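Subject: Structure handover

Dear colleague,

Here is the structure for your files. My notes on it follow below.

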Amino acid sequence: MSLAVRPATPADGPAIRALLLTAFPTPAEALLVAEVERDGDDIVSLVAEAEGEIVGHLLLSRMAVVADGEPLRALGLAPLAVLPGHQGSGIGTRLVEGGIAIARATGEALIFVLGEPDYYRRFGFSAESAAPFASPYAGPYFMALSL
């Protein structure tokens with residue numbers, strides 16, 4: 001399978017929505033992406049394309065974060081989606097690594113994620129890095145990656 005990871009374009013919108021509706025049990029993630037895009041907070045949107053089909057998507061959106069009274073450039077990673085038939089083939093890893101590389105190159109300080117610790121730790125995310133930041137999601141699934 002030939003896989004390309006690239007920035008999403010407006011023309012990808014319907015395919016991304018279909019992917020999110022297939023990959024998740026509820027439309028919550030598709031609604032989240034639509035809201036983030038409508039508000040102009042989408043900073044990095046990547047798709048994974050195989051044989052002309054979008055099989056994965058990652059969104060990084062702007063977060064308002066303050067540390068020691070100073071604003072920090074921070075992003076939230078959500079959602080990460082891969083079509084069920086393509087999960088476990090490294091597509092999610094390629095999307096996360098691509099998103100991290102772009103965030104690092106553009107001067108972001110932190111990326112936050114609410115997700116499975118066993119999955120996101122491999123990229124350097126940790127609950128310990130997120131612990132200093134107040135969040136209603138605080139706990140082992142709320143993690144951060146310092147860039």
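Arginine 6 is partly exposed, as its relative accessible area is 23%; by the cut-offs used here, buried means under 20% relative accessible area, exposed over 50%, and partly exposed in between (1.4 Å probe, protein chains only). Please note that this is a predicted model, in which local features need pLDDT of at least 70 and side-chain atom pairs count only at pLDDT 80 or more, while totals for chains, interfaces and linings use all residues. Residues are numbered from 1 along each chain as its sequence is written, and side-chain values use heavy atoms, with hydrogens and water left out.

Salt bridges

The structure holds six salt bridges, a salt bridge being a side-chain nitrogen of Lys or Arg within 4 Å of a carboxyl oxygen of Asp or Glu. Arginine 6 pairs with glutamate 49, with 3.1 Å between the closest N and O atoms. Because arginine 6 lies in strand β1 (residues 3-7) and glutamate 49 in strand β2, this pair ties together parts that are 43 residues apart in sequence. Glutamate 49 is partly exposed, at 22% relative accessibility. Arginine 6 also forms a salt bridge with aspartate 12, where the closest N and O atoms are 2.7 Å apart. Aspartate 12 counts as buried, at 7%.

Another of the salt bridges joins the side chains of arginine 73 and glutamate 108 (2.8 Å, N to O). Arginine 73 is in strand β4 and glutamate 108 in the loop between α3 and β5, so parts 35 residues apart in sequence are tied together by the pair. Arginine 73 is partly exposed at 40% relative accessibility, whereas glutamate 108 is buried at 5%.

Overall fold

The chain has five helices and six strands, taken as DSSP runs (helices H or I, at least four residues; strands E, at least two) and numbered from the N terminus. In order from the N terminus, the elements run β-α-α-β-β-β-α-β-α-α-β. The radius of gyration is 15 Å, close to the 15 Å that the globule rule gives for 147 residues, so the chain is as compact as a globular protein of that length. That radius is taken over C-alpha atoms, and the rule is 2.2 Å times the number of residues to the power 0.38. The C-alpha trace spans about 45 × 30 × 30 Å along its principal axes. Of the 147 residues, 39% are buried.

Surface

Leu114, Tyr137 and Tyr141 form a nonpolar surface patch with about 340 Å² of accessible area together. Patch residues have over 30% relative accessible area and no salt bridge; like charges are joined within 9 Å, and nonpolar side chains (Val, Leu, Ile, Met, Phe, Trp, Tyr) within 5 Å. Areas come from the Shrake-Rupley method with a 1.4 Å probe; for residues, only the protein chains shown count as cover. Tyrosine 137 sits in the loop between α5 (127-130) and β6 (142-146) and counts as exposed at 51% relative accessibility.

Regards
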